[in-house]
Amino acid sequence: MDEIVVIGLSVLTSVAILLLTSLGLAVVFGLMRIVNMAHGEFLMIGAFTTTVAVRSLELPIWLAILCAPIVCGFVGALVELAFIRPLYGRRLVDTLLATFALSLILYQVAINIFGTAPPGIGTPSGWIEIGRYTVSYYSLFLPVAALVITALLYVLFKFTRYGLLARAAAHNPDMASVLGVEVRRVNLVTFALGCALAGLGGGLLSPMVAVSPGVGQTYIGQAFMTVITGGPAFLLGTLSASVLLGGISNIVSQLFTTLWGLTALLVTAIVLVRLLPNGISGSWSRQL
Amino acid sequence: MTASTWTTTLGRWTRVAVRRGFLWPTIAVVAVLLLSPLLSTSTELKWTLWLAFGILALSLTLVWGISGIFSFGQNAFFGIGGYTFAVAAFNIYPATGETLSALLIAACVAALFTALLGYVTFYGRVGDVYLAIVTLAVTLILYTVMSSTAGPEYRIGKAYLGGFNGMPSVPGIAFGTGELGYGGLFAFAVCLAGALYIFARFLLTGQYGQILAGIRENEMRMELLGYNVRFHKLGIFLVGGAIAGIGGGLFTAWGTFINPSVFSLQQAALVVIWVMVGGRGSLVGAFVGVAVVQWISDQADKIVAQQTPLILGIMLLAMVLAFPGGIVPAITRWLDRTWNSSKRKLDTIDVAPTPTPRTDTKPESENEGTPLPSGHIMAHHLGKRFGGSVALDDVTLEFGQHNIHAIVGPNGAGKSTLFGLISGQHKVTKGDVELNGLDVTRMPTHQRARHGLGIKLQVPSIFLGLSVQQNIALALNAPRKYKRTRPPATTVFAMIGLLEKKHEAASNLSHGEQQWLEIGMLIAQNPSVMLFDEPAAGMTQEERKRTVELIKKLSIHHTVIVVEHDMAFVRALGAPVVMLYRGNVFRHGSFDELSNDNDVRNIYLGRKRGA
């Protein structure tokens with residue numbers, strides 16, 4: 001019985017990690033259709049922001065995590081102005097290649113600053129005992145955080161004026177601008193929001209994983225697969241895909257090894273793409 | 001065989017080789033081989049590596065530049081080829097003393113992997129960007145997977161995969177007489193690269209090259225002409241994967257070593273940069289791009305060591321922002337303009353051949369006295385829903401008793417949906433479609449085209465980047481299962497004009513001329529049923545008159561169905577009219593019957609019915 005509870009909690013944590021690393025991409029790629037190959041590096045920047053804030057500035061961990069989205073949102077806005085904006089309207093491949101180049105540059109810059117294996121921060125202490133097992137509070141906190149963030153995003157895009165404008169500007173920029181939406185500014189804000197979300201994900205993850213310049217590359221593939229399998233409903237679709245892919249990969253990992261867990265994630269995603277080319281939410285009537 | 005027939009055969013072969021561009025690569029290979037004794041060992045080693053990379057770049061050029069499929073996976077196939085070669089060589093070399101079979105196995109395994117990935121993405125109808133991301137995700141996950149194979153349990157036969165550290169001391173290339181030395185390996189690499197280059201040229205200068213160009217320019221038109229686009233995409237993707245796999249095998253043999261870094265993001269970036277620098281569509285450019293980029297990064301490494309990702313990133317960013325077409329093509333274009341040496345009308349890929357119109361078949365259309373058996377379309381209780389909205393409710397129609405049928409109806413009546421269901425671009429929600437007595441309801445678009453269905457879309461759907469002649473040639477050579485021969489190209493040009501513009505790029509034509517070109521492709525396709533979706537849209541009065549005449553002429557040998565808004569145009573056709581309204585057939589009859597019908601007039605004038 002205890003074992004089942006512990007396995008269940010572990011699945012929940014995996015799902016949460018997948019969701020947290022994918023939400024930013026869900027906004028930038030799922031909603032705006034910008035292929036942001038540097039998404040992983042935004043996770044990395046968020047994780048480093050938190051690490052530095054804890055280690056050098058000696059901020060409490062909660063405050064340090066909140067610094068991550070602010071820094072990443074700012075960097076994201078700069079990136080949009082410098083590289084994304086000139087490429088709107090060009091072939092999708094161009095944006096893809098430009099952000100890919102950016103990802104390489106940010107990776108090397110991080111190595112130059114932090115080295116390849118910088119010291120990390122510990123997981124916040126505190127755990128509960130379930131029978132013979134202990135589970136840290138933090139790994140229980142992650143799923144809660146992921147769900148709260150998703151819910152807040154849902155409210156933001158569904159019920160606020162900005163949310164409506166952002167969706168309009170993403171779906172049909174020409175029509176939106178004719179109707180008086182300042183598409184450029186709205187897109188800037190939405191892109192920065194996506195980057196901030198990536199940063200927040202990285203910040204939340206930083207106490208759990210080894211933060212290195214290559215940390216983004218570990219997650220970007222999974223994040224893209226999650227958003228693609230999620231389909232057009234970029235929030236709830238990504239949530240469903242995280243549950244499905246994260247669940248499968250965690251269970252396979254526990255049965256065999258992490259390696260097989262990753263492979264299972266990939267194979268499931270590819271089979272799903274073949275069966276449901278429009279993603280899990282392809283036939284839903286909701287748009288979020 | 002006498003000596004003279006030998007020489008003529010040889011002469012013919014030489015001419016073919018020169019025309020298809022096999023001569024220069026052969027000369028280049030021989031020249032390099034002759035000069036190779038002059039090269040130092042380190043140069044030979046470096047150039048062998050560049051050739052392995054060049055083969056990899058060649059594979060991306062084929063897939064991306066020529067066929068328009070952007071794949072991040074080429075270096076994954078390269079890596080799989082490299083690993084397979086290592087595993088196979090460890091197991092085969094001790095027994096046979098040769099590793100050529102290992103290279104062959106590497107190509108096959110890479111091709112198999114490519115085929116699986118391609119099948120999922122192309123047959124899942126996944127979009128272009130998705131393919132890029134799926135291939136990249138696969139590459140990254142392979143990186144993670146191969147990095148975690150360190151334990152002794154990860155063993156295939158005698159080969160240990162070695163995890164992050166990779167597999168050292170792999171046997172090199174061997175023909176059964178021991179491993180080749182540096183010089184021998186270099187000579188082998190030169191011959192291999194030359195052979196693969198010639199193979200690529202062979203593919204592209206034939207009919208297949210035309211098909212690939214068509215797919216790059218306009219997939220939908222290719223399907224409407226009857227080409228199996230997904231199959232051909234899978235085919236070239238597989239060829240690209242096999243070539244990348246061979247490159248990977250050569251890479252492993254070069255360093256007698258392979259590790260997971262072949263699956264890294266840097267490597268993925270490198271391939272793209274090589275191809276972009278060399279020019280996406282140029283086969284030679286693949287090798288030139290490798291040489292240029294590798295030389296630059298070697299030099300840069302001397303100034304700032306170990307900053308490869310940074311340098312690559314800056315190069316890639318500069319390429320995308322400043323030279324999206326490639327550096328080598330930009331330079332050649334600049335040189336071209338400076339010397340103004342040759343006037344090239346088409347700024348597309350050089351490898352596209354000039355098609356020779358087939359004149360060996362006599363068209364039936366020449367004796368206009370005996371019309372061909374007309375086509376026949378039957379829609380039976382056809383319906384289509386998009387999400388919650390009903391585009392077509394319940395339509396039963398038969399076309400084919402007359403030679404021309406007109407369909408009218410206000411916006412949103414379901415006219416275009418009906419065409420989409422007949423051509424197979426939309427999936428039927430209910431009911432069925434019959435074409436020439438054949439149930440085609442579940443048939444993919446290209447199969448319907450092969451059974452004699454042609455369609456002219458509202459917005460001209462042509463191959464903008466190809467010449468007028470190539471556009472027509474693709475339609476002439478389209479695969480078909482019906483008993484109608486292809487008309488000679490001259491007949492097509494006689495009907496649509498444009499003969500003097502046949503070498504012009506289709507994108508340079510005016511809107512009206514593009515409409516004519518599309519009609520010309522329909523004539524060349526020679527289907528039994530022709531659908532015209534608003535053919536008069538955007539045409540001048542004079543052009544409309546010509547179009548009516550042309551449609552009447554075509555109706556002698558084809559069943560023509562025309563959707564049109566322009567009432568004068570419909571009247572001039574003098575055909576029975578079907579009026580659709582809100583997804584249903586509203587009226588049937590002659591033009592005069594409908595135009596005197598009060599309800600019809602009310603709908604068209606927006607008045608309330610019965611008012």
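A polar contact is a pair of N or O atoms within 3.5 Å. Keep that cut-off at hand. The model used in these exercises is predicted.

**Exercise 1. The interface**

Task: Find how many residue pairs are in polar contact between chain A and chain B, and how many salt bridges join them.

Solution. 
- Step 1. Chain A and chain B share 2 residue pairs in polar contact, counting pairs with both residues at pLDDT 80 or more.
- Step 2. The salt bridge count between these chains is 1.
- Step 3. The partners are B:Arg280 and A:Asp94, whose side chains meet at 4.0 Å, N to O.
- Step 4. The largest share comes from α4(A), with 15 residues.
- Step 5. Sort this side of chain A by class: 26 residues are nonpolar, 7 polar and 5 charged.
- Step 6. Now take the area. The two chains bury about 3600 Å² between them, and 80% of it is on carbon and sulfur atoms.

**Exercise 2. The largest core**

Task: State which residues touch the most other members of the largest nonpolar core.

Solution. 
- Step 1. The largest nonpolar core holds 189 residues.
- Step 2. A:Leu97, B:Phe72 and B:Met167 touch the most other members.
- Step 3. Helix α3 (residues 41-66) of chain B gives the most to this core, 14 residues.
- Step 4. Look at B:Phe72. Beyond four places in sequence, B:Phe72 touches residues of both chains, including A:Met37, A:Leu96, A:Phe100, B:Leu136 and B:Val272.

**Exercise 3. One threonine**

Task: Decide whether B:Thr135 is buried or exposed, and list what surrounds this residue.

Solution. 
- Step 1. Locate B:Thr135 in helix α6 (residues 128-147) of chain B.
- Step 2. The relative accessible area of B:Thr135 is 1%. Buried means under 20%, so B:Thr135 is buried.
- Step 3. Leave aside neighbours within four places in sequence. B:Thr135 is then in contact with B:Ser71, B:Phe72, B:Gly73, B:Leu117 and B:Phe237.
- Step 4. Check the polar side-chain atom. A polar atom of the B:Thr135 side chain lies 2.7 Å from the backbone oxygen of B:Leu131.

**Exercise 4. A covered helix**

Task: Say how many residues of helix α17 (residues 468-476) of chain B are buried, and what covers them.

Solution. 
- Step 1. In α17(B), 9 of 9 residues are buried.
- Step 2. Among them are B:Val468, B:Gln470, B:Asn471 and B:Leu476.
- Step 3. The cover includes α8 (207-217), α9 (219-225), α18 (489-496) and α19 (511-525) of chain B.
- Step 4. B:Val468 also belongs to a second, separate core of 45 residues, which includes B:Ile519, B:Ala524 and B:Phe569.

Terms used
Residues numbered from 1 in each chain as written. Chains lettered and ligands numbered in written order. Predicted model: local features only at pLDDT ≥ 70, side-chain atom pairs only at ≥ 80, totals over all residues. Heavy atoms only, no water. Buried area = accessible area lost by both parts, 1.4 Å probe. Polar contact = N/O pair within 3.5 Å; in protein donor to acceptor, adjacent residues only side chain to side chain. Helix = DSSP H or I, 4+ residues; strand = E, 2+ residues; numbered from the N terminus. Nonpolar A, V, L, I, M, F, W, Y, C, P; charged D, E, K, R; others polar. Core = buried A, V, L, I, M, F, W, Y, C linked by side-chain atoms within 4.5 Å. Buried < 20%, exposed > 50% of the residue type's maximum accessible area, 1.4 Å probe, protein only. Contact = heavy atoms within 4.5 Å.
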